[in-house]
Amino acid sequence: MEKQIVTTNRSLTLETEKLLNDQVAKEDFSSAYYLSMASWCDKTGYANAAEFLYRHADEERQHMLKFFHYINEAGGHALQAELTGIEHNFKSLRAVFELVLAHEISITQSINDIVDHCFAIKDFTTFQFLQWFVTEQREEETIARRALELFDIIGEGGVGLWTIDQELGKLESFVQNSATATGPI
Ligand SMILES: [Fe+2]
Ligand SMILES: [Fe+2]
């Protein structure tokens, strides 16, 4: 049996560690959810939306790893989540992006709740670590909202869905440019 190395001296509380591990599971779920959406878009013929979602799934895995490494570096134990309940079929392209926006809003709420907790218990190290995610969530919600606006602006009739798919492929560069314009100097 491996000798267990236990570091008793650490700033991370067990409650914060649990909240961070819950977030690991949520980011992991996001990655799987978007991968499943990417696959549906791919087989339904929305190639650009699929590419966007494949990239997004990769980003969510990176988010998961950021939490993972932080927990272990802070003296905790990062846990690989059990994933269940991934949907494989979606009603429409619009429905996919409505789900993306709703999901991102729920993730923002979850991050905000951990930030709130860390501030309350004066864990400013974790509080500072989380600021990257606060900014990231602002960007992700903006991208999802912009995606949905395309459906209203372009309309889904005729070649509308084809055009929307083309525009979905350019979304990230649009949001990155506007973030550079409004972000901190
Ligand atoms: Fe994320
Ligand atoms: Fe996200």
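The following questions and answers concern a predicted model of a protein. Residues are numbered from 1 along each chain as its sequence is written, and chains are lettered from A and ligands numbered from 1 in the order in which they are written. In this predicted model, local features need pLDDT of at least 70 and side-chain atom pairs count only at pLDDT 80 or more, while totals for chains, interfaces and linings use all residues.

Q: How many helices and strands does the protein have?
A: Helices (H or I, at least four residues) and strands (E, at least two) are DSSP runs, numbered from the N terminus. Along the sequence, the pattern reads α-α-α-α-α-α. The secondary structure comes to six helices and zero strands.

Q: What distance separates the end C-alpha atoms of helix H4 (residues 124–154)?
A: The expected span of a helix is 1.5 Å times one less than its number of residues. The 31 residues of H4 should therefore span 45 Å, and this agrees with the distance between its end C-alpha atoms, 45 Å.

Q: Where does H4 bend by about 30°?
A: The bend at a residue is the angle between axes fitted to the seven residues ending there and the seven starting there. By this criterion, H4 bends by about 30° at Leu 130.

Q: Is Lys 122 buried or exposed?
A: Lys 122 is placed in the loop between helix H3 (93–120) and H4, and has a positive phi of about 60° although it is not a glycine. A residue is buried if 20 or more other C-beta atoms (placed from the backbone) lie within 10 Å of its own, exposed if 12 or fewer, and partly exposed in between. Because Lys 122 has 9 other C-beta atoms within 10 Å, it is exposed.

Q: Which orientation do H2 and H5 have to each other?
A: Helix H2 (residues 47–73) and helix H5 (residues 160–168) pack at an angle of about 30°, with their axes 7 Å apart. Axes are lines fitted to C-alpha atoms, for helices over the stretch in contact, and angles run from 0 to 180 degrees between N-to-C directions. Angles under 35 degrees count as roughly parallel, over 145 as roughly antiparallel, 65 to 115 as roughly perpendicular and the rest as oblique. H2 and H5 are therefore roughly parallel.

Q: Which residues does Leu 168 touch, not counting residues up to four places away in sequence?
A: Leu 168 lies in helix H5 and is buried, because 26 other C-beta atoms lie within 10 Å. Two residues are in contact if their C-beta atoms, placed from the backbone, lie within 7 Å. With that exclusion, Leu 168 touches Asn 48, Ala 49, Phe 52, Ala 147 and Leu 150.
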